[in-house]
Amino acid sequence: MLTGGGDCPGLNAVVRAVAKSALKKGWEVIGFRDGYKGLIENKFTKLKDRDVSGIIVKGGTILGTSNKANPFKYSLEPFGSSKSPKDVSAKAIGNFHKNKLSALIVIGGDGTLILADRFHKKGLPIIGVPKTIDNDLSATDITFGFDSALRVATDAIDKLHTTAEAHHRIMIVETMGRYAGWIALRAGIAGGGDIILIPEVPYRNEDIVKAIKDRRKLGKNFSIVVVAEGAKPANGKMTVKKMVECSPDPVRLGGVSYKIADMLDKEIKLESRVVVLGHLQRGGGPTAFDRWLATGFGIKAVEMVENKKFGSMASFQKFQFTDAKIHEAVKKLKRVPPDCQEIKMAVNVGTSFGNTKITG
Ligand code: F6P
């Protein structure tokens, strides 16, 4: 198996579940180091029961990961080059066969799983496991890591409430999530955010200002604004922080909350402060739910290897562990439908989405 893309709480819980259930069947288990990099360089470690004991509580991944190791456009030394990335997929496939492997379990988000699907089309027996704090993969109701990110974001919103109230300020908290607003939406609802801004509902400055003024009329001299990093103004663009070339998705978002703070400083006589949660949302151990979900995914993935369901991904739908085609999971990002029940729910408790068209 390998873990690819950004790290996320629950990766070790999947590694443990895969290893333990496969070893129980008498199979040999190896873990490639640092995602596809290990497959290309043939660097791996044999996993025995003692190697995976006690790791369910740990964040990160004992195998290491990389979000730059794209075997079809490889830029890492010694087999690739950042100046002219190469296709080293044949080398990766060669290593798979050299090690006489029967299957490869790939644990990752859309970037990692798109590559897994390409390898499957080239004949590798691949099984996927859906990981991402962003919860933006299709063909599964939820990905592991998301609940742990919600815990961090909700906790942060709770803590920011005290300063907002005490100083009569506007506190703006920026979450991750890329092009999907799931983290901001759910943490915003759970933390009682007053304004939630997500990429799927472009905001209008005047509507944000109106929501804050309306709160003031009700005697509330503070506001909590929860902003997804991908939030954008109507007729405007997302805020790009930097580009990471050779990553399956090179765009890194971040900083939209500073633009909103500048706008509010001009429009409203209330001080505002920004907190960007960043990688804290991916750090630390997984929640109880993510440990449980990741364990179920790992067991399911091994069962899928046994049943030769290659080209498929473990999936969780309607509270059941099942499987789905990897290409179904990655063909379209799962974004927040602007007319969904959750948005209506938030509007009904008085939350603004920075767009008066969203009325619940
Ligand atoms: O996909 C997970 C994620 O944490 C996103 O929410 C975020 O936009 C991105 O990865 C950050 O990537 P990096 O770790 O390369 O900065």
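Mentor: Domain bounds come from an automatic or database domain assignment. On that basis the protein is divided into domain 1 (2-144 + 284-330) and domain 2 (149-282 + 337-347). This is a predicted model, in which local features need pLDDT of at least 70 and side-chain atom pairs count only at pLDDT 80 or more, while totals for chains, interfaces and linings use all residues. Residues are numbered from 1 along each chain as its sequence is written, and side-chain values use heavy atoms, with hydrogens and water left out.

Trainee: How much area do domain 1 and domain 2 bury between them?

Mentor: Buried area is the accessible area (1.4 Å probe) that two parts lose on being put together, summed over both. For domain 1 and domain 2 this is about 1500 Å², 51% of it on carbon and sulfur atoms. In domain 1, N67, I133 and D134 lose the most area to domain 2, together 34% of what that side buries.

Trainee: Why is the meeting of the R178 and D134 side chains called a salt bridge?

Mentor: The term requires a side-chain nitrogen of Lys or Arg within 4 Å of a carboxyl oxygen of Asp or Glu. R178 and D134 meet at 3.5 Å, N to O, so the pair qualifies. The count between domain 1 and domain 2 is four salt bridges.
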